[in-house]
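Please keep the sequence and the structure in view while reading.

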Amino acid sequence: MGRRIAAYIAALLFVCAIVIAAAKVGQQGAKARSNTRPLQTVAAAVEREGLPDHQAAIIEALLEPLEGDCGLAQEDADLIAAIVYLEARGESAQGQQAIAEVIFNRLLSDSFPDTVQEIIFQEGQFASVALLDTADPGPEQYAALLGALEGERVLPTNVVYFSRDGENSSVWGQIGGHIFCYG
């Protein structure tokens with residue numbers, strides 16, 4: 001399982017480098033959010049935010065599952081973006097990306113389940129799952145997800161916990177209001 005995820009991440013890093021470079025050419029910006037359902041598709045989120053068509057297409061293409069069973073499914077991307085929204089909206093881009101990285105770091109760890117869904121819904125791990133129906137992720141949260149996949153790491157891969165007070169005594173450091181800990 002670990003090799004499959006590592007191969008997936010390597011392939012995504014290559015695709016991300018190309019896609020991110022293309023995205024930087026376009027203009028950035030967002031319009032006021034409308035009230036939409038949680039766990040939207042990427043296309044709905046970027047359309048709502050008023051991103052130019054080429055940026056919406058770039059984000060959509062990046063998050064499309066790769067061939068085979070190693071791609072990041074749209075449902076998983078939406079779930080991660082929702083968790084980032086609930087756990088870290090209002091934090092810096094780096095702080096939001098770190099939350100997404102914790103989820104991916106858990107995928108790489110033998111100490112956690114093997115899927116995004118199982119990691120997020122694992123009992124006692126993400127208290128914010130109780131609020132998923134209120135999540136309204138936007139481009140900032142999808143950018144955090146893309147940043148976590150891009151390879152410009154914020155956290156080491158063995159940092160698998162975060163909280164407001166520190167999850168254990170093996171503290172890596174603090175970003176904004178979150179303390180990140182090694183597993």
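## Overview

What percentage of the 183 residues of the protein count as buried? The share is 46%, where buried means under 20% relative accessible area, exposed over 50%, and partly exposed in between (1.4 Å probe, protein chains only). The model is predicted, so local features need pLDDT of at least 70 and side-chain atom pairs count only at pLDDT 80 or more, while totals for chains, interfaces and linings use all residues. Residues are numbered from 1 along each chain as its sequence is written, and side-chain values use heavy atoms, with hydrogens and water left out.

Seven helices and three strands make up the secondary structure of the protein. Helices (H or I, at least four residues) and strands (E, at least two) are DSSP runs numbered from the N terminus. Along the sequence their pattern is α-α-α-α-α-α-α-β-β-β. Of the contacts in the protein with a separation of 6 or more, 62% join residues 24 or more positions apart; a contact means heavy atoms within 4.5 Å.

## Confidence

The predictor's confidence in each residue is given as pLDDT, from 0 to 100. For the protein, the mean pLDDT is 73, and 61% of the residues reach 70 or more. The pLDDT is below 50 over residues 1–46, a stretch with 81 contacts in the model beyond near neighbours in sequence. It is also below 50 over residues 65–70, where the corresponding number of contacts is 10. Where pLDDT is low, the predicted coordinates should not be read in detail.

## Helix 5 and helix 7

Two packed helices are described by the angle between their axes and the distance between the axes. Axes are lines fitted to C-alpha atoms, for helices over the stretch in contact, and angles run from 0 to 180 degrees between N-to-C directions. Helix 5 (residues 93–108) packs against helix 7 (residues 139–150) at an angle of about 55°, and their axes are 8 Å apart. The two helices are therefore oblique to each other; angles under 35 degrees count as roughly parallel, over 145 as roughly antiparallel, 65 to 115 as roughly perpendicular and the rest as oblique.

Helix 5 contributes Q96, Q97, A100, E101 and F104 to the contact, and helix 7 contributes E140, Q141, A144, L145, G147, A148 and L149. By class, these are six nonpolar, four polar and two charged residues. Ala, Val, Leu, Ile, Met, Phe, Trp, Tyr, Cys and Pro count as nonpolar, Asp, Glu, Lys and Arg as charged, and the others, Gly among them, as polar.

## Helix 4 and its partners

The axes of helix 4 and helix 5 come within 9 Å and cross at roughly 130°, so this pair is oblique. In this pair, I80, I83, V84, E87 and A88 of helix 4 meet G95, Q96, I99, A100, I103 and F104 of helix 5. The contact has eight nonpolar, two polar and one charged residues.

With helix 7, the axis of helix 4 comes within 9 Å and crosses at roughly 115°, which makes helix 4 roughly perpendicular to helix 7. A77, D78, I80, A81, V84 and Y85 of helix 4 form this contact with Q141, Y142, A144 and L145 of helix 7. Its classes are eight nonpolar, one polar and one charged.

## A buried alanine

A82 lies in helix 4 (residues 74–88). Its relative accessibility is 0%, so A82 counts as buried. A82 and T134 are separated by 52 residues in sequence and by 9.0 Å in space, C-alpha to C-alpha.
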